[in-house]
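Work through the exercises below with the model open. Try each task before reading its solution.

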Amino acid sequence: MNEIRIEASKAKDETVSEISALQEQLEAREEESARCQAQNKDLEKRLDDKAAQCSGLQDRYDSLQDKLGSAMNKLDNVTGYNDKLVLEVWTLTNEVDDLKKRTVTSAAKINELQKLLDEKIKELAKKTQELEDNAPQPENVLRIIAIQNEILNLQKGVSNGTNFDQIAALENELDALIATIEEKNNGNCKQILQIIALQNQVTRLQKQELEFNQSSEAKIAELENQLQETRDQLNEKEDELKKSDSRIPHLTAEIMGLRNKMTELERTISEFYQTSADKMEDLQSLLKQKSKQLEENTTQLRAVDAKNAEQILEIIELQKEMNEIQTEDSKAKDKSASEISELQKQLKAKEKLNAKLDSKNRELEKFQKEIKMECDEIQHRCKEVQIQNDQNQEDLLKMQQQLREKEAAFNRLQLQLRDSKDDNARLQRRNKSLQEENDKLKMNLQAKMALDPDTAHPKIIVSTDETKMSVAQQRQNVPNNPGRYDLSLAVLGKTGFNSGRNYWEVEVVGKTCYNIGVARGSANRKGLLKLKPAEGYWTMILTKQGVLKALAARPLEIQLPALPQKFGILLDYKKGEVSFYNADTRSLLHTFTGNRFTDKLYPFFNTCLETNDEDAPIVLTRVGSVSWIQ
């Protein structure tokens with residue numbers, strides 16, 4: 001009986017465990033399904049946003065279409081009959097072309113759009129026939145309108161050199177055709193067609209100028225980056241050559257190759273600058289010429305037809321805005337089509353996954369019911385066994401007492417284990433805290449930093465305790481050491497660093513122009529200094545104009561509500577980083593990263609020439625707590 005009871009209890013425990021595991025799987029599946037549904041809603045929202053964007057452009061287009069129709073109705077049908085016909089054929093041609101494209105891309109409104117398209121085609125045919133019957137040289141006028149429409153379609157496409165060349169060729173043909181239009185008995189047709197053509201040419205040239213300028217700037221930036229990378233590589237190789245004797249032939253060859261590459265890049269940049277400038281000058285000259293012609297033709301139209309001129313110009317301007325919206329809409333639809341296609345793929349994939357999850361959930365629920373039935377059966381058998389074991393109740397009570405005692409012992413062990421884990425966690429936290437304190441203690445705090453008078457410019461006065469530098473009116477009689485600055489009013493710190501993390505603080509109260517930071521021991525100290533990392537200087541400068549900058553490869557302006565009065569400088573030799581802090585507010589100003597230090601590095605201090613703050617010294621101050629530094 002005991003074996004039956006134990007077997008039943010064991011089977012019950014296993015079944016409960018299986019049910020618990022299945023329940024967890026079911027809950028996980030339901031959570032995954034909920035996430036998928038949320039993602040589906042997000043994808044649907046993004047699809048709706050894309051549709052709303054396109055709808056907004058269409059609303060703007062329809063509004064302009066209404067304004068254009070109103071302006072067309074205001075034209076004088078007597079004095080400007082042929083003018084109005086030309087404008088009507090031109091605008092209807094554009095409208096028919098737009099409707100044809102919309103019937104292809106707007107499946108939801110295909111019937112409505114097709115009906116409107118049929119009406120506009122009939123209206124265009126009617127107006128075209130009137131133009132052929134009444135206007136002189138109708139073939140040339142219709143060909144001019146067709147070319148204008150072809151140019152517009154090219155402008156809606158992807159911008160490239162081929163499109164611009166095709167447009168330029170069509171514009172030449174357009175100008176030739178307009179020149180053939182006779183002014184006699186033809187109203188202002190020639191003037192109107194000329195204004196439309198010139199306006200399109202000005203728009204195209206402005207776009208071409210902008211795109212050429214952007215592409216030129218990108219190309220120049222790419223070439224200059226290549227030049228700077230080559231220059232940095234050359235500096236590294238030259239530094240390596242100074243330190244090595246075993247690879248001199250190989251290094252010399254690499255250095256010569258890098259110098260040749262720099263020369264070629266500099267020549268390429270110079271030629272590109274000149275070529276770009278010439279082309280930009282040609283574009284701007286042509287744009288200026290076409291703009292002037294457009295202004296002259298507009299003025300002439302107002303002079304010869306004051307009654308209708310403003311309405312005609314308004315119609316042309318409205319059509320221009322509509323063409324721009326069509327171009328914007330075309331590009332937006334191309335982009336949206338690609339994005340919508342990708343979103344639809346994602347949506348289908350999520351729906352497919354949801355279907356699989358639903359199927360799996362149903363299987364799990366079915367399996368759970370089957371397990372529950374088995375569990376009920378086992379529980380029934382347990383009851384039968386319990387009835388049979390009533391006669392052994394005393395033994396069972398003893399066993400239960402023993403079980404309780406073991407459970408109590410087990411609980412005590414669990415408490416001990418939990419206490420042990422808590423102690424271990426506390427020890428780990430303490431160890432981490434000690435490790436952080438140890439790391440901070442590794443930082444070399446330069447509390448007694450001193451200036452090196454042997455490196456100071458002859459006009460620099462170093463205080464007796466070597467912690468302050470100021471500028472004298474006259475040069476001092478000091479030895480002309482090789483390491484002394486002879487032009488810049490600069491001085492180095494006495495101590496150089498080639499390892500560890502080193503921190504010191506510099507006070508600049510009252511200074512209106514200064515330059516402080518870190519200098520490589522081998523950096524140039526004679527003549528005019530090039531204060532940038534490639535030359536061995538990592539510094540920040542306050543210019544005479546009161547602008548604080550980090551002198552990286554490209555100077556970076558540091559914008560602050562108030563200038564620091566005390567700087568903290570942290571040199572992390574191993575990481576190759578030099579960081580500048582506002583020591584008063586304990587805020588990071590800038591970090592030079594990505595350096596590979598090999599020489600000793602020294603604190604660097606420099607005051608500007610010809611300033612009015614000679615009496616305000618630069619002071620090395622004692623460092624307090626640095627626990628705030630990361």
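Helices (H or I, at least four residues) and strands (E, at least two) are DSSP runs, numbered from the N terminus. The model is predicted: local features need pLDDT of at least 70, side-chain atom pairs count only at pLDDT 80 or more, and totals for chains, interfaces and linings use all residues. Residues are numbered from 1 along each chain as its sequence is written, and side-chain values use heavy atoms, without hydrogens and water.

**Exercise 1. The largest pocket**

Task: Which element gives the largest share of the lining of the largest pocket?

Step 1. On a 1 Å grid over the protein atoms alone, a pocket is an open set of points with protein on both sides within 12 Å along at least five of seven lines, and lining residues have an atom within 4 Å of a point.

Step 2. Take the volume, the space filled by probe spheres set on the points. The largest pocket holds about 1,100 Å³.

Step 3. Find the centre. The pocket has 33 lining residues, and Asn-235, Asp-239, Arg-520, Pro-533 and Ala-534 are the closest to its centre.

Step 4. Assign elements. α6 and β7 (537-542) are the elements that give two or more residues to this lining. The largest share, ten residues, comes from α6.

Step 5. Assign domains, whose bounds come from an automatic or database assignment. Domain 2 (187-304) and domain 3 (453-621) each supply at least three lining residues.

Step 6. Sort by class. Ala, Val, Leu, Ile, Met, Phe, Trp, Tyr, Cys and Pro count as nonpolar, Asp, Glu, Lys and Arg as charged, and the others, Gly among them, as polar. The pocket lining has eleven nonpolar, eight polar and 14 charged residues.

**Exercise 2. The largest cavity**

Task: Which residues line the largest cavity?

Step 1. A cavity is a set of grid points where a 1.4 Å probe fits but cannot get out. The count is one cavity of 30 Å³ or more.

Step 2. The largest cavity holds about 30 Å³. Its lining is Leu-57, Gln-58, Tyr-61, Asp-98, Ile-325, Gln-326 and Asp-329.

Step 3. α1 (2-73) and α8 (309-388) are the elements that give two or more residues to this lining.

**Exercise 3. A helix pair**

Task: At roughly what angle do the axes of α6 and α7 cross?

Step 1. Axes are lines fitted to C-alpha atoms, for helices over the stretch in contact, with angles from 0 to 180 degrees between N-to-C directions.

Step 2. The axes of α6 (residues 189-243) and α7 (residues 248-304) come within 8 Å and cross at roughly 165°. Therefore α6 is roughly antiparallel (over 145 degrees) to α7.

Step 3. The contact of α6 with α7 has 25 nonpolar, 20 polar and 13 charged residues.

Terms used
Parallel < 35°, antiparallel > 145°, perpendicular 65-115°, else oblique.
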